[in-house]
Amino acid sequence: MILKKFNIENKKARDLIPQAITVLALLSVIIYFATNAQINMGNRGISFGFGFLNQEASFDITFSMIEYDGSHSYGRAFLVGLLNTILVSAIGIFFATIMGVIVGISRLSDNYLIAKVAEWYVEIFRNIPLILQIFFWYFAALRALPLPENGISFYDISFLTIKGWYVPKFIWTNFNIFLLSVIAAFIAIYFINSYATKQREQFGKQIPTTIISLTTLILIPLITFLFLGVSLTFEYPVLKQLSPTVFTYAGGVSIIPELIALALALSMYTATFIAENVRAGILGVGKGQKEAAASIGLNKNQILKLVVMPQALRIIIPPTTNQYLNLTKNSSLAAAIAYPDIVLVFAGTALMQTGRAIEIISITMLTYLTLSISISIFMNWYNKKMAIKEK
Amino acid sequence: MIKSIKTWILIGFASLLLVACGQGGGGAGSKKSKTLDNTKKAGFVKCGVSQGLPGFSNADASGNWSGIDVDVCRAVAAAVLGDADKVKYTPLSAKERFTALTSGEIDVLARNTTWTLSRDADIGLTFVGVNFYDGQGFMVRKNSGINSVNDFKNGISACTNTGTTTELNMRDFFNSKNISYEPIAFEKADEVVQAYDAGRCDTYTTDKSGLAAQRTKMSNPDEHKVLPETISKEPLGPVVRQGDAVWEDIVRWSLNTMIEAEEYGVNSSNASSLKDSENPAIKRLVGSEGELGAAFGLDNDWSLRIIEQVGNYGESYKKHIADTGILPNRGPNQLWTKGGILYVPPAR
């Protein structure tokens, strides 16, 4: 009896034991490394701990989305760097996607010129190392920009100079009410759309949702301006003289050239890969699908929008996720051109000032890991949403 | 890309070394020096230098390093191995330098490094002396009309290197003057120079010696000038790992020997002829009196070799800093007997 019982359990055990051993081995390796590191650091007189995160950082950062100056802590400096990394990645992903889709579709264009230009763009930009492109945009292209006193002016409200792009600053009163109204508008649009879908599916009634949605989005926030005391004024950048030949702009918001160069380089580079994914996705949709769509009288744009793209997306999304992850990680090259991302601020300056290499490098690696996994999770969710739904 | 990857690999590798290697490290307190033994076994001194700072540590077209920081490593090699050329140089960024030293990638760090309390006490390093007294200054364009730091106004943009004390001094300075400024910090000095040269920033701030050296790299050096004010104390000196007292002493006294030799007028050409000098201090320097080398396990000619092969501090300064036009005037880096602040304990 006992033997039999053992045998039954053995089946489960056969699955479990190797896994348990692997976990144990992994754990012991980690523990071994950790203790060893501790002993070695002890011998070399290096202490380990995260207390430094609360200490005063005492260095300033060019550009920060939250309030920061040197009197804040290293922890705060970390946050500044993290937000800057997220900012440049988000901008990069946004433009890379738009450009990637346009270029990808252009490559399949019947127009010889458009197709060739798109092809050349892809071949050139994906075959030059990214760091060189970053240097190109920063040191070569932006260097051609004029000094502030000769800044390129856009209707005198915005100026492009070598020191950055100065744009008007938005000054809101009762911004919270405005924000709430925008959220309310989106909720309203969601309900309008689901109502319209129901109407179409049940009664075949077409409701012009695009126009209704747009009107809602404009109308509801407009009401807050007219009746709820929301107002918006602009603070324009003005040329300011610092010395006989040194000028800058005061007021307004400065978009630093480091951010422009990095975002440009990242999106131009990544767009080429996304373009190839888009092209592959579109070519991957069976020819019969297009012919069938054409036979029921859809025009070219409708075929692309209603028939080809929804199917192509299933092919495009997974490899594009990889490109988003690459872009995020590539943003760490920012340090080369002084864009204050997490690597420059935290794994650079903060590491130097505190000398806490192991702590800071671990935190930085974990941060990138977390960022990448978040993007993966989101894209997997989106991929599932786009997958074929059996009805 | 190369640069970034190198940094990461180095830091990663250094961290790994700390993580993975056995329980080596320096046995503090004993007379034996692990670093000395390893250096003798390897046959060269592992020296960390800058990535190119004229006058301090700079490689020529064929890869030969020279400069007053390089001379510290050469002095150590002459003392320990008998040949000043037996040095392996590792160029390091400001960010990499301390990790490279604590992990054992290098044994002496001679890379225009400022001696501060937190660096000395906190991160497993020991500063052994000062081979250059520097101070932070500002460089501006000559035509800017800025003649003093008092001419700086709100909104000025300042370029500098990341990971250095200059970043901190800059903040202290602008805060004390109540001036809002835009700090732009690059990883490499070359990029700072390029950005400043292009007009991205109005002023470039770093150690004054560095400013003088970098000015020579600008597209038109005559268009720039260094402001007279010095905003900080920057005593630059060689650094060793904490925990190997003997090695620490060797590096400290190799540097001190060079300065002491200048004080007593001993130089590379007359050193060997001074063996029978009447002055006992000179005789100790050239090894004909006393047994000073034995204190750290070296022979008695260790200091003679330093003077003969590397020269005294004055020769080194003249060759690398003065004659190259970087800082012809020695300023505080003059002997205490001649109005400077170079003053080393007696070698006896």
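Two residues are in contact if their C-beta atoms, placed from the backbone, lie within 7 Å. The model shown in these figures is predicted.

**Figure 1. Chain A as a whole.** Among the contacts in chain A between residues at least 6 apart in sequence, 65% join residues at least 24 apart. Chain A contains 11 helices and eight strands. Along the principal axes, its C-alpha atoms fill a box of roughly 80 × 70 × 50 Å. The radius of gyration of chain A is 27 Å, whereas a compact globule of 391 residues would have one near 21 Å. Of the 391 residues in chain A, 30% are buried.

**Figure 2. Helices H5 and H6 of chain A.** Two packed helices are described by the angle between their axes and the distance between the axes. Helix H5 of chain A spans residues 175-203 and helix H6 of chain A spans residues 209-227; their axes come within 9 Å and cross at roughly 155°. Angles over 145 degrees count as roughly antiparallel, and H5(A) and H6(A) are therefore roughly antiparallel to each other. The crossing of H5(A) past H6(A) is right-handed. From H5(A), the residues in this contact include A:Phe178, A:Val182, A:Ala185, A:Ile189 and A:Ile192. The residues that they meet in H6(A) include A:Ile212, A:Thr216, A:Leu217 and A:Ile220. Sorted by class, the contact of H5(A) with H6(A) has 13 nonpolar, six polar and no charged residues.

**Figure 3. The contact of chain A with chain B.** Chain A gives 44 residues to this contact and chain B gives 48 residues. On the side of chain A that touches chain B, at least two residues each come from helix H1 (2-43), helix H4 (130-141), strand E7 (247-250), helix H10 (342-354) and helix H11 (357-386). H1(A) supplies the largest share of that side, seven residues. The side of chain A that touches chain B is made up of 26 nonpolar, 13 polar and five charged residues.

**Figure 4. Chain B as a whole.** Chain B has 12 helices and 14 strands. Its C-alpha atoms fill a box of roughly 60 × 50 × 40 Å along the principal axes. Buried residues account for 53% of the 348 residues in chain B. Of the contacts in chain B with a separation of 6 or more, 74% are between residues 24 or more positions apart.

**Figure 5. Helices H3 and H9 of chain B.** The axes of helix H3 (residues 68-81) and helix H9 (residues 245-263) of chain B come within 9 Å and cross at roughly 110°. Angles of 65 to 115 degrees count as roughly perpendicular, and H3(B) and H9(B) are therefore roughly perpendicular to each other. H3(B) contributes B:Val72, B:Ala75, B:Val76, B:Ala79 and B:Val80, while H9(B) contributes B:Ile250, B:Val251, B:Ser254, B:Leu255 and B:Met258. This contact of H3(B) with H9(B) has nine nonpolar, one polar and no charged residues.

**Figure 6. The surroundings of B:Leu285.** B:Leu285 belongs to helix H10 (residues 280-285) of chain B. A residue is buried if 20 or more other C-beta atoms lie within 10 Å of its own; B:Leu285 has 28 C-beta neighbours inside 10 Å and so counts as buried. Leaving out residues up to four places away in sequence, B:Leu285 touches B:Thr257, B:Glu260, B:Ala261, B:Tyr264, B:Val266, B:Ser303 and B:Ala347. B:Lys46 is 239 residues from B:Leu285 along the chain, and their C-alpha atoms are separated by 25 Å.

Definitions and conventions
Residues numbered from 1 in each chain as written. Chains lettered and ligands numbered in written order. Predicted model: local features only at pLDDT ≥ 70, side-chain atom pairs only at ≥ 80, totals over all residues. Axes fitted to C-alpha atoms, helices over the stretch in contact; angles between N-to-C directions. Helix = DSSP H or I, 4+ residues; strand = E, 2+ residues; numbered from the N terminus. Parallel < 35°, antiparallel > 145°, perpendicular 65-115°, else oblique. Left-handed = near helix turned anticlockwise from the far one by under 90°. Nonpolar A, V, L, I, M, F, W, Y, C, P; charged D, E, K, R; others polar. Rg over C-alpha atoms; globule rule 2.2 N^0.38 Å. Buried ≥ 20, exposed ≤ 12 C-beta atoms within 10 Å, placed from the backbone.
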